[in-house]
Amino acid sequence: MAGRGESAMPEAAAEVETKLECFDLAFNSEFSDRLLRIEVVPGDDVAEGSLTDCARHRKVQGEKRQRIDSSPTMADTPALRVKTLHISSVILAARSAFFLKLFSNGMKESDQTHTTIRISDSEENAFMELLSFMYIGKLTTTESTLLLDILMAADKFEVPSCMRHCSQLLISLPMTIESALLYLEHGCSISQAAEVQCVIGAAKQFLAKEYTDFDKFCDEAMNISLAGIEAIFSSTDIHVISEEHVFKFLLHWARTRYLEPEERRKIWSSHLLPLVRFSHMTGTTLQAILACTDTVIDLDHEELTKRVTEVLLRKGYRAQLEGSLAAVTTTAERAYVIKPMKVVAFDQPCQQVVVYWDLTRQECSRIFPSGEIISHPFHLAGQRFSLMVVCKMEEQDEIHSFAVLLGIHGNPKGSTCMTVDHEFAARTGLSGKFVSHFGRKHTFTDDPASECEVLFRAPWSSFIADNSHFIDGVLHLRADITVVEQPAVQS
């Protein structure tokens, strides 16, 4: 079984086969019609190492042969070593559009039987594997780094069958964090090719799954590259405390990785800012971000202000903005530990709030057997409160049940206690109305939380499966909280 950092794929690498006619007896055979001279030069002398972008055909004066150079700087660079192979123009032209064009357009004279190709030493192993593949339809390696190099070489020399074979092998290999990052970070000029997209897509899915419980691995993630960070935070499935924590993590990560402010601003604008789902932050948090001057050196403040202001307008004037800003697609909600909710506050005839809190079936499932979900803080009588739902073990019946409690942040200001009436209700699918499950009076003293009350007295599996609680997969909760007694503030 694969452990953390490794994913066992259902298909073994050895089972990946590419059905090509085999001409292994013709590989480097003296009966071939042409001679290929491979000159290997130092990698530093190759501009970007791109064979497709820079390859050019040069007829060497006084010699009846053709030279293919990987870059303009390679022509006069002394070779580290030279390899000579007998090649069949028919076989290579059938496998490769590059060689087809080379043999049909550049070697018209019958006696031009020599071709020279110059490659960098970093491409040597991949190129030799590619030549062998065009004859026998197989590769001799399952090592991920070399397979990725062969994939790049196959694109440069336009061998689609080898590109498909490499991508299938790479996806079938057990994936690790290191190999996933390798696939995402590899200098790939063909990232739009379908074969490459399959590999990149598999790497992104693996990283997102590996860091699903992101809060457990946030320290480890500080060492992840930009490509890995984009893969992780593009996912909706990761579990984070809140979107505010995502924003703060990305600020810290960028400051650690990019010390130059100008470079950091560019990274934020082009890569990181689109990852932040501002629509799932509270209005208070968004206003705090706008007011914060500490981020000026990190982000383009004008762009940040534009994004945050649009979200604030949608939150405050959704009906009025219908068809304009409200029509902008809202990003999907992640699996937050601290969940947003809607609050209606009253000052008269008494201080009271009504909190509406929606939780999905999937979110509720995750708190079994010892998890929790917390609401964003809300204010009542000058105090900050939160709701919390947990999975509670009822010792008497020995079952796990869905429970809820009300918590206060810190001791009541200037006093030793605060008394509130609170009632918890849930909407039922049978009537569509909220049904009260219990209500009581509670005095907050040194204990910052009310008693943990079971909301649905049923075994956990029965509760999760009950569609009368989950309307279209969503549990709708309501909490009515009224201040009964608040001692006068002490001087």
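The following questions and answers concern a predicted model of a protein chain.

Reader: How many helices and strands does the secondary structure of the chain come to?
Author: The chain has 491 residues, of which 46% are buried. Among contacts between residues at least 6 apart in sequence, 70% join residues at least 24 apart. The secondary structure comes to 16 helices and 21 strands.

Reader: Are α8 and α10 roughly parallel or roughly perpendicular to each other?
Author: The axes of helix α8 (residues 194–210) and helix α10 (residues 226–233) come within 8 Å and cross at roughly 70°. Angles of 65 to 115 degrees count as roughly perpendicular. The two helices, α8 and α10, are therefore roughly perpendicular.

Reader: Which residues that line the largest pocket are the closest to its centre?
Author: The largest pocket holds about 1100 Å³ of space. By class, its lining has 14 nonpolar, 12 polar and 10 charged residues. Of the 36 lining residues, the closest to the centre are Thr 282, Lys 315, Pro 340, Met 341 and Lys 342.

Reader: Which element gives the most to the lining of the largest pocket?
Author: Several elements each supply at least two residues of this lining, including helix α11 (243–257), helix α14 (301–316) and strand β21 (474–485). With 4 residues, the element that gives the most is β12.

Terms used: Residues are numbered from 1 along each chain as its sequence is written. This is a predicted model: local features need pLDDT of at least 70, side-chain atom pairs count only at pLDDT 80 or more; totals for chains, interfaces and linings use all residues. Side-chain values use heavy atoms; hydrogens and water are left out. Axes are lines fitted to C-alpha atoms, for helices over the stretch in contact, and angles run from 0 to 180 degrees between N-to-C directions. Angles under 35 degrees count as roughly parallel, over 145 as roughly antiparallel, 65 to 115 as roughly perpendicular and the rest as oblique. On a 1 Å grid over the protein atoms alone, a cavity is a set of points where a 1.4 Å probe fits but cannot get out, and a pocket is an open set with protein on both sides within 12 Å along at least five of seven lines; lining residues have an atom within 4 Å of a point. Grid points are joined across faces, edges and corners, and a volume is the space filled by probe spheres set on the points. Ala, Val, Leu, Ile, Met, Phe, Trp, Tyr, Cys and Pro count as nonpolar, Asp, Glu, Lys and Arg as charged, and the others, Gly among them, as polar. Buried means under 20% relative accessible area, exposed over 50%, partly exposed in between (1.4 Å probe, protein chains only). Contact means heavy atoms within 4.5 Å.
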